[in-house]
Every structure is written in structure tokens, then in C-alpha cells.
Amino acid sequence: MSNSGSGRAIGLAVIGAGYWGPNLVRNAQATPALRLEWLCDLDEARARAVLGDYSTVRVCTSYQEVLADPAVHAVAIATPAATHFELVAAALEAGKHVLVEKPITADRSDAVKLVELAERNGLTLMCDHTFCYMPVVRHIRELIHGGELGDIRFFDSVRINLGLVQPDVDVLWDLAPHDLSILDFILPPGVRPVSVAAHGADPLGTGRACLAYLVLRLSNEAIAHVHVNWLSPTKVRTTIIGGSRRTLVWDDTNPTARLQVHDKGIDLAEDAALSPEARREKLISYRVGDVVSPALPEREALRAVMAEFAEAIGMSRPALTDGRAGLRVLELLEAASRSLELGGATVAVGEL
């Protein structure tokens with residue numbers, strides 16, 4: 001069941017009123033193409049507290065009640081990952097479009113079933129890879145896909161802070177989905193990760209990795225490195241992406257110069273007329289050019305997530321971060337977890 005392009009707002013239900021659900025509620029209510037009908041949570045009082053005393057949005061504790069309502073065309077699911085498969089499958093089988101928090105499921109085979117179910121039923125299945133909808137990340141994607149950086153040579157990301165040690169997941173599953181979803185989003189067509197090697201440590205004795213380093217080999221021989229850490233007293237959110245033409249630096253803790261594009265790097269001489277000795281001597285030359293810091297709008301990424309969800313439904317097209325994007329990120333996480341278990345061994349992506 002889809003909103004039939006009549007121009008009416010798409011009836012939406014949010015399932016889950018915990019940590020992230022209130023953000024979905026707020027942004028859905030600010031999106032003209034959506035009309036929030038329900039907020040569903042096992043704790044009815046919590047859901048009512050999120051909505052406030054004067055809301056006309058209905059509250060319930062049963063997702064079946066939400067899915068039975070013909071006014072609901074789509075659902076946004078913000079519940080623990082272990083519940084995603086059951087809830088997303090039920091929504092798709094009820095003919096509803098689905099926006100689901102990451103990871104799409106806790107298991108790759110379940111994610112494959114959901115992607116196939118959505119495609120079979122002609123429904124939108126979208127993953128809330130929120131960071132991909134930040135203006136800076138959208139701009140990075142445009143630069144890379146437009147060839148401004150040239151061939152991608154490396155991707156280096158650091159996401160560290162004094163964080164909350166999670167009771168149910170390690171730092172890999174808590175923080176790395178952000179960087180892996182960004183990597184998946186910005187890589188040019190035809191370039192993908194083919195293997196992962198992960199190293200982790202648990203200096204606090206929590207029973208799970210509190211810091212981890214991932215090395216991903218890409219299909220174009222480039223390398224991607226991701227560092228995630230709950231134990232750093234300083235917060236660092238930096239990504240450097242190097243190309244054959246330009247390199248960009250994204251520092252998310254620096255709002256005055258969030259993105260810098262450096263026309264600076266190393267060029268390789270290509271001169272077949274030179275002798276091998278002369279070619280070696282002039283093989284490398286250094287290029288020093290301008291540094292540009294583009295002006296970017298400051299707007300909430302989740303508002304863009306909601307707009308993309310509504311537009312994908314209305315136009316019957318895949319969302320920018322569709323179910324298959326969620327599946328690709330999950331494959332990277334599973335390969336990284338397997339590598340951790342094997343002491344850092346290289347694990348091929350998607351072959352578990």
C-alpha cells in the first residue's frame with residue numbers, strides 16, 4: 001500500500017519512543033509530506049511524555065494495532081536491533097513502507113529476507129544512515145562522484161570520545177556503523193570494500209572491545225582505515241579522503257571550517273619516451289595548490305532523512321540509503337566482527 005501520488009501527506013507511525021524515537025517524531029512532524037498518526041511503545045507513559053499533553057497523535061503499545069490502521073502508509077522503527085527483523089517483516093507484509101534504524105538487522109540472512117520482501121512487494125525499505133544526510137557528507141559524495149578528487153586512494157576516519165560503554169554491543173557495532181555507512185555512501189560507482197581486518201582491545205575488562213581499528217581493502221586497490229574508541233578523553237571526528245587530484249579533510253568538531261578541499265598531493269610522471277632510469281628520477285612530483293573551505297548549510301540531517309523517505313515513497317524509487325545499503329554495511333560489520341574473533345585475520349566481505 002503506497003500513498004498514491006494524490007498529493008496527500010503520507011500517514012506515518014513511529015515505533016519506539018526511547019533514545020532515538022523522539023527525534024523521529026519531531027522531524028516527522030516538521031515534514032509536510034508526512035502526517036504522524038501514531039507513536040507506539042511498550043511503555044505508554046513514555047510515549048505520551050514524548051508527544052506532550054496537547055498532541056492529536058495516537059498512542060498505543062501494540063505494533064499490530066498500528067499496522068492494522070489503513071491511515072498508516074509507512075512506519076519508522078526505532079527499537080533495539082534484535083527486534084528489527086520481526087517488526088520490519090510484519091510492516092512489509094502489511095503493505096507499509098519502512099524506515100529502520102541501523103543496523104538493519106542483527107543478522108545478514110535476516111537482512112537479505114527483508115530486502116527481498118520489500119522488493120517483491122514494491123515497497124520502500126530505507127535505513128536511517130543519518131550521517132549520510134548531513135550537508136557536508138552530501139557535498140563530499142557529489143565531489144567524489146563528480147570526479148573532483150580523481151581516483152580514490154585512501155579513506156581514513158577517526159571517531160573517538162569518552163563514550164558510554166554499551167551493555168549489549170562492542171565499540172565496533174556502536175560507532176563503526178556511522179563511518180561504514182558514510183564510506184558506502186560516498187564511494188564512486190564500481191568501487192566497494194572487498195575485505196576487512198579488525199583489531200580490538202578491552203583494557204577495562206568489560207568483556208567486549210572498547211577500541212578497534214579496521215582496515216578495509218577496496219576493489220580499486222585503495223585502502224580505508226576506521227578507528228573507533230570509547231576511551232579517549234578528547235573527542236575527535238575527522239575523516240580524510242585522498243584522491244589522485246585532490247584530498248579533502250572533514251573535521252566535524254570544527255563548525256567554522258567543517259570541510260577543506262586541498263589541491264595538494266603527489267603526481268606520477270607518465271612519459272613513455274623516458275628511459276627507465278630517467279622515469280624513476282622524475283616519477284614523483286609534488287603539487288601544492290589552494291585549500292578551499294566550501295560554505296555549507298547547517299541543517300539537521302534527520303530532517304533530510306524524513307524528506308528522502310517521503311520522496312522515495314512518492315516517486316516509487318529506491319531511497320539513497322535503501323535496504324541494500326543497510327545490507328552492505330551489515331556485511332562489513334559481520335566481517336569485522338569475524339576478523340576480531342580471528343585475532344585480526346583478513347576476512348572477505350559477504351562470504352560468511
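**Exercise 1.** Determine which unit β5, helix α5 and β6 make, and describe the pairing of the strands.

*Solution.* Step 1. β5, helix α5 (residues 108–121) and β6 form a right-handed β-α-β unit. Helices (H or I, at least four residues) and strands (E, at least two) are DSSP runs numbered from the N terminus. A crossover is called right-handed if, with the strands pointing away from the viewer, the path from the first strand over the helix to the second runs clockwise.

Step 1. Strand β5 (residues 97–101) and β6 run parallel and are joined by 4 bridges; two strands pair if DSSP finds at least two bridges between them. Val 98 has Leu 125 as its bridge partner in β6.

Step 2. The model is predicted; local features need pLDDT of at least 70, side-chain atom pairs count only at pLDDT 80 or more, and totals for chains, interfaces and linings use all residues. Residues are numbered from 1 along each chain as its sequence is written, and side-chain values use heavy atoms, with hydrogens and water left out.

**Exercise 2.** Trace the pairing of β8, β9 and β10, and locate Thr 206.

*Solution.* Step 1. β8 and β9 pair in the antiparallel sense over 8 bridges, with Arg 217 of β9 as the bridge partner of Ser 195.

Step 1. β9 also pairs in the antiparallel sense with strand β10 (residues 223–229), over 7 bridges; here Leu 214 has Val 226 as its partner in β10. The hairpin of β9 and β10 has 4 residues between the strands, and in it Glu 221 takes a positive phi near 75 degrees.

Step 2. Thr 206 lies in the loop between β8 (193–201) and β9 (211–218). Its relative accessibility is 28%, so Thr 206 counts as partly exposed. The side chain of Thr 206 reaches the backbone oxygen of Arg 208 at 3.0 Å.

Step 3. Thr 206 and Val 165 are 41 residues apart in sequence, with a C-alpha to C-alpha separation of 8.4 Å.

**Exercise 3.** Is Ser 232 buried or exposed, and what does its side chain reach?

*Solution.* Step 1. Ser 232 belongs to strand β11 and is buried, with a relative accessible area of 8%.

Step 1. The side chain of Ser 232 reaches the backbone oxygen of Thr 234 at 2.6 Å.

**Exercise 4.** Characterise the lining of the largest pocket.

*Solution.* Step 1. On a 1 Å grid over the protein atoms alone, a pocket is an open set of points with protein on both sides within 12 Å along at least five of seven lines, and lining residues have an atom within 4 Å of a point.

Step 1. The largest pocket is lined by 46 residues, of which Tyr 19, Trp 20, Thr 79, Glu 101 and Lys 102 lie nearest its centre. Two or more lining residues come from each of α4 (81–93), β7 (152–162), α7 (171–186) and β11 (231–243). α4 gives the most, with 6 residues.

Notes. Buried < 20%, exposed > 50% of the residue type's maximum accessible area, 1.4 Å probe, protein only. Polar contact = N/O pair within 3.5 Å; in protein donor to acceptor, adjacent residues only side chain to side chain. 1 Å grid on protein atoms, 1.4 Å probe; cavity = no way out; pocket = protein on both sides within 12 Å on 5 of 7 lines; lining within 4 Å.
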